[in-house]
Structures are given as structure tokens and as C-alpha cells.
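Dear colleague,

Here is the structure for your files.

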Amino acid sequence: MPLSRDVRPADWFLGKIERGNPSTRLDDVHPGDRAWSLGNRVRPLVHGATYFAELFERIEATVEGDLIFFTDWQGDADERLTGDPGSEVVEVLGRADERGVDVRGLVWRSHSAALGFTAGENLRLGEDLQKRGAEALLDMRVRHGGSHHQKMLVIRHADDSSRDVAYVGGIDLCHSRRDDADHHGDPQALDTMADEYGETPPWHDIQAAISGPAVHDVETVFRERWEDPTPLSRSPFFWLRDTILRLDLSPDPLPEQAPPPPPVEGGTHAVQLLRTYPDLRLNRDYPFARGGERSVARGYTKALMKARRLVYVEDQYLWGKHIGDAFVQALRAHPDLHVLAVLPLHPDLDGMSRVPEMLGRRRAMLEMMRVAPDRVAVYGIENRAGTPVYVHAKCCLIDDTWATIGSDNFNRRSWTHDSELSAVVVDTDPDDPHRYARSLRVELAREHLDRDDDDAMEDCADTDGMFAAFADSAARLDAWYDGGRIGPKPLGRLRRLQPPRLGPVKRALSLAPYLLMHDPDGRPRSLKRVDGF
């Protein structure tokens, strides 16, 4: 069945009412029930090294009167955007502020390092930026046990809004992210990764670079969080420590928001922003998301039910019953539909968290494979040296039509409990409405199949062909390993993944920590009762 050439954003995107959040002003500039912008150009930046190099150039080019707004889940002040001295995050943003650029940041305060998080690093980033004059605040306005997981950066120019740009995706301004297609890892590596990933863990990630009116939408997401009058933290300990350290505890007013940038010449990308905000309970809700927002879950659910050929996923996690159900319903409804997923070969951490994470993956994979065992395939990837590559990307491509790059993972936590942000693109090019999603899909396939730029990719031009090409490549590499690694290593980086094998005792013992700690539910009770989003 060929893909339709009659692609309308309204058929794939959520309308304002479908978003389910009447408290937000995100869609105020969009007419009628339209909850997306037109006339944009979106460029997928595959790999942290690609993103960081562009980010360095764009920030260095800012001048007095420009704006830089960013949010971060994890930040390292000394992470070098280009690898060279002077390209450290704190130096680049600090220099911009000293030039007269208005630099504002919201960095998640983070949980304790004793739990495997990065409170110390995030505190240092906020503290160092404040010393340089930038207003970077530590934001802990989250549900208990939750996080601000959004990763975005907006640059707006006072003299020429056509140069404005917004970045949305999965890449934090921190260690281990600056890797490239060769996947040797970032020399400034995290020291908490599981042993399988080595001393410089290879890292696969994606960020979207957005030009056009949608930049205004991304900026609005930042402004809503910044202007939240709730204290940045309710903890007396944090208040006392921040006061002693003389940290800024209250956001200063933002300048008036400029109108949306003009449509990009030849820009055919319709862009919708999907978000997750939890129900904070106890009358502490976000003023811009009363009862929370679950447009990530709603957007995926709507798009999955329109899928007919291929759902291609790259994700850090693929967990749980709810996620499995969303795919199961689509697989049952459409007998020609295939699901192809690329995940990490191993969890990112050793210790107590490993088994609960494996349980979450097992639950989702078994749900899908019971319904369509021949139409679901899950892979991990490794570099040419055989070291596993940690897949941190959050990308989903449906029928070469609906394409998302964001911060949210395929788990209940990302769909209900933490703050998340994704940018979804539907191409409105009348000559080829599948160009954007297809080009990204083939680019990712080329890397995982380990083909050079000059190698033909005709077998992956069709979605069915790509499903078969992945299966053949992984089978050859798996057979080489199973056969004792005799002879030349086959071309390709894909390894087939099966549902993790966990005995009944391990499953029983890990269920409670999985549900309560790793994959909690942030929905209001009214939605929990009906099991809806």
C-alpha cells in the first residue's frame, strides 16, 4: 500500500481542544482550533557533536539586545561545545551575557548524587552562570520524585527575527553528549555509566533545529515556566543553602515577547509542540497546566492509530503496559503495520535500578510481540569496535509522515509525571509530503547499517525494505558473535534484542520499585480511574 500524498496536518496533529489544557497560552497565536504553526524549516541534528558545534557558532554570533533562553535536565559548566578551551558551556553563555545578551536558564535542581543524579553538577552550572551575570535558576517545581526533563534553547535576535532559532530534543548541555557518528564517546565522559559502555560511553542522540514561527512557540513554553509565581523550591534546606550561597531565588521579569518570526522562504514544515506536565496535587498546579498536560501521550496515541506501514522508534526506554498497549492497539487494527525500535543494548546504570528497568522493557516488548511476533523488531547498536552505544535519542517516525524529536521517552513517567517537550513535524510540501520524515529515517538507517555516504540506500527507501535490511544486518552480526568471531566482522552495528529474561522472583521483587520509582504515574485520580490520558 503506497503512502498517501494527501497529507494534512489537521489529520495528524492535536487541535487545541484535543491538547486538553485550556490553561496554556501556547496556542494563542494560532487561529481557530489550530495548535501548530506553519511555514517552518526543521533540521534534525543527529549527534551531540553536530548540535554543540552549531550551538557554539550561533551563541558566539549573538550581540547586545538578543535573547537566549534555555532549560536543562543535566548541566555541566565545563562541558566543551567544540572540544577546544573557551568553548565550555559556562564560558560561552557567560561571554554572551557580558556582551549584553539577555541569558536566562532554568536548570532542574536534581535529586541527590547518592541516588545516581547530578545535583552537584547542576548547582555548579547555575552558580557559575550567576557569577558571570546570567540568570540561571535551579527549578524544583516538580511532582515528588519527578524532574524537569525538557531540553531546549531559544535564540532571538533584536535586529533580524528571520535568524531566530530554537533547539528541541534529547541533548543536555552536559558531559558524555558530544559524540559523533563514529561513536568513540565524549572525552568529557560521565563516570556513572554501566561498565558495558566503557570509559568514554558512545552516545547516540538527536536535537531539532527550528526556524520560523514555531520559534515563538518554543519561547512561550520557556516563558510559561519562567513566569510561574510558585517558589522555585519548597524545601527549607534548599532555601537556606541558596541564601548562604547568595543564589538568585526569584526570576526577574522577562522583556515583552516579540511576535513570531516570519515564515521561512520555502518552509513547508508544520510544527506542533507536545508537552507533559504532571498533576502536582494539593492545589500546587502549574498556572499554565491545571491538572497537568499530557499532549505527548495524546499526540502519540492519535498518530499511532493512523499508522499503516511502519513505526520507527529510537528511544532511551520502551517501558510498561501503557506503552505496550498503545502499540498493540495499532498493530491489531492494521495487519500490515510493522514496529521497528532502536534502544540501548544495556541499561545505563549498574546496581539496584537495572532489574526494574529490564522489567519495564520486558513488559512492553512482550505486549507487542504476543500480538505481532513477526511485525515487531527491537535492536541495540554498537560501534565498530564492538562497544555498545547508549541510545539517548527520543525520535519517532510514523509512515514517513509524522516525525517527532524531543525529550520524552516511551514510558509512563515521560507521558504523565515529568516535564517534557517534543517538536512534531508534518511536511506540507505538495510535491513530496514525506520528504522530511523519510530523509531522517534513511539517514539514521545509514548509520546503523554502517554504510558510507556513497553507498546505495535503495533497500531502505521503502519502509518494508528497511525492516528487512535491519533484520538481515543484525542476523549477520549476531551469527558472527555466536560463531566465535571468526573471520572479518560483518558490516553493520545492529544487534537483535529479545525481551529480558527475568525469573518470577526477580519480576515480583522488582515490580514495586519499577512502578513507584522508575515509571510513576503523574495523572489526576480522575484519569487513573478510567485509565486515560
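Subject: pocket lining and helix pairs

The lining of the second largest pocket contains ten nonpolar, three polar and five charged residues. Please keep in mind that this is a predicted model.

The second largest pocket holds about 370 Å³ of space. Its lining is made up of 18 residues, and those nearest the centre of the pocket are L345, R361, L497, Q498 and P500. Two elements, α10 (354-371) and β18 (494-497), each give at least two residues to this lining. Of these, α10 supplies the largest share of the lining, with four residues.

Helix α10 also packs against another helix, α9 (residues 320-333): the two axes come within 8 Å and cross at roughly 15 degrees. How do α9 and α10 run relative to each other, roughly parallel or roughly antiparallel? An angle under 35 degrees counts as roughly parallel, and α9 and α10 are therefore roughly parallel. Their crossing is right-handed.

On the α9 side, the contact is made by G320, K321, G324, D325, F327, V328, L331 and R332, and on the α10 side by G360, R363, A364, E367, M368 and V371. Sorted by class, this contact of α9 with α10 has six nonpolar, three polar and five charged residues.

The axes of α4 and α5 come within 9 Å, with a crossing angle of roughly 30 degrees. By the cut-off given above, α4 and α5 are therefore roughly parallel to each other as well. The crossing of α4 past α5 is right-handed.

Which residues of α4 and α5 meet? From α4 they are V89, V90, L93 and G94, and from α5 they are L125, D128 and L129. In the contact of α4 with α5, five residues are nonpolar, one is polar and one is charged.

Regards

Technical notes. Residues numbered from 1 in each chain as written. Predicted model: local features only at pLDDT ≥ 70, side-chain atom pairs only at ≥ 80, totals over all residues. Heavy atoms only, no water. 1 Å grid on protein atoms, 1.4 Å probe; cavity = no way out; pocket = protein on both sides within 12 Å on 5 of 7 lines; lining within 4 Å. Points joined across faces, edges and corners; volume = space filled by probe spheres on them. Nonpolar A, V, L, I, M, F, W, Y, C, P; charged D, E, K, R; others polar. Axes fitted to C-alpha atoms, helices over the stretch in contact; angles between N-to-C directions. Parallel < 35°, antiparallel > 145°, perpendicular 65-115°, else oblique. Left-handed = near helix turned anticlockwise from the far one by under 90°. Contact = heavy atoms within 4.5 Å.
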